[in-house]
Amino acid sequence: MALYEHVFLARQDVTAQQVEAMTETYKSVIEQKGGAVTKVEYWGLKSLAFRIKKNRKAHYALFNIDAPAAAVAEMERQMRISEDILRFMTVKVEALEDGPSVMLQRRDRDRDDDRGGRDDRPRRRDREDAVVDDVAEEEV
């Protein structure tokens with residue numbers, strides 16, 4: 001069997017629970033055709049770079065699939081029929097990644113930044129700090 005990564009975008013007006021139901025539906029399609037979905041990730045509601053079918057945001061989800069091509073083709077056929085799916089993309093890969101995807105790692109890093117975690121990127125100085133530092137040096 002072949003290995004695939006599959007990402008789909010669902011409309012912004014469906015709920016996260018409905019997206020989970022869709023993922024279970026498409027996962028069962030793969031399993032009925034003799035494949036397996038090894039990882040499912042819900043990336044959340046994100047802004048789109050441009051409008052797709054009058055939507056500015058979409059729910060993103062990722063599947064790691066180990067299945068025959070016929071199973072993936074049937075899942076894609078059902079996604080084309082669904083009005084809730086805006087776009088999808090399936091890519092054949094040599095090996096599936098273990099652990100969280102890059103998108104989830106990025107979300108975890110952003111959460112650490114919000115809590116005051118240290119990031120390796122250099123910080124920009126505020127303009128006010130630079131002006132205050134210059135004034136303080138002149139007075140001394």
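Visitor: How many bridges join strand E1 to E3?
Guide: The model is a predicted one. In it, strand E1 covers residues 2–11 and runs antiparallel to E3. One of the paired positions is Ala2, whose bridge partner in E3 is Ala67. The number of bridges that join E1 to E3 is 10.

Visitor: How many bridges join E2 to E3?
Guide: These two strands form a hairpin with two residues between them, and Lys53 in the turn has a positive phi of about 50°. The strands run antiparallel, and Val40 stands opposite Phe63 in E3. The number of bridges that join E2 to E3 is 11.

Visitor: How many of the 13 residues of strand E3 are buried?
Guide: Strand E3 spans residues 55–67 and is mostly covered. In the protein, buried residues make up 32% of the 140 residues. For strand E3, the buried count is 10.

Visitor: Are the rings of Trp43 and Tyr60 stacked or edge-to-face?
Guide: The count of aromatic pairs comes to three. The rings of Trp43 and Tyr60 have centres 6.5 Å apart and planes at 25°. Planes under 30 degrees apart count as stacked, over 60 as edge-to-face. The angle is 25°, so the pair of Trp43 and Tyr60 is stacked.

Visitor: Which strands does the pair of Trp43 and Tyr60 tie together?
Guide: Trp43 counts as buried because its relative accessibility is 11%, and Tyr60 counts as buried at 17%. The two residues are 17 apart in sequence.

Visitor: Is Ala36 buried or partly exposed?
Guide: Ala36 lies in strand E2, residues 36–52. Beyond four places in sequence, Ala36 touches Ile30, Asn64, Ile65, Asp66 and Ala67. Buried means under 20% relative accessible area, and exposed means over 50%. Ala36 has a relative accessibility of 33%, so Ala36 counts as partly exposed.

Visitor: How far apart in space are Ala36 and Asn64, C-alpha to C-alpha?
Guide: Ala36 and Asn64 are 28 residues apart in sequence. In the protein, residues 24 or more positions apart account for 75% of the contacts with a separation of 6 or more, and Asn64 is among the residues that Ala36 touches. The C-alpha to C-alpha distance between Ala36 and Asn64 is 8.6 Å.

Visitor: Which pattern does the protein follow along the sequence?
Guide: The protein has four helices and four strands. Read along the sequence, their order is β-α-β-β-α-β-α-α.

Key
Residues numbered from 1 in each chain as written. Predicted model: local features only at pLDDT ≥ 70, side-chain atom pairs only at ≥ 80, totals over all residues. Heavy atoms only, no water. Buried < 20%, exposed > 50% of the residue type's maximum accessible area, 1.4 Å probe, protein only. Contact = heavy atoms within 4.5 Å. Pairing = 2+ DSSP bridges. Phe/Tyr/Trp six-rings, centres within 6.5 Å; stacked < 30°, edge-to-face > 60°.
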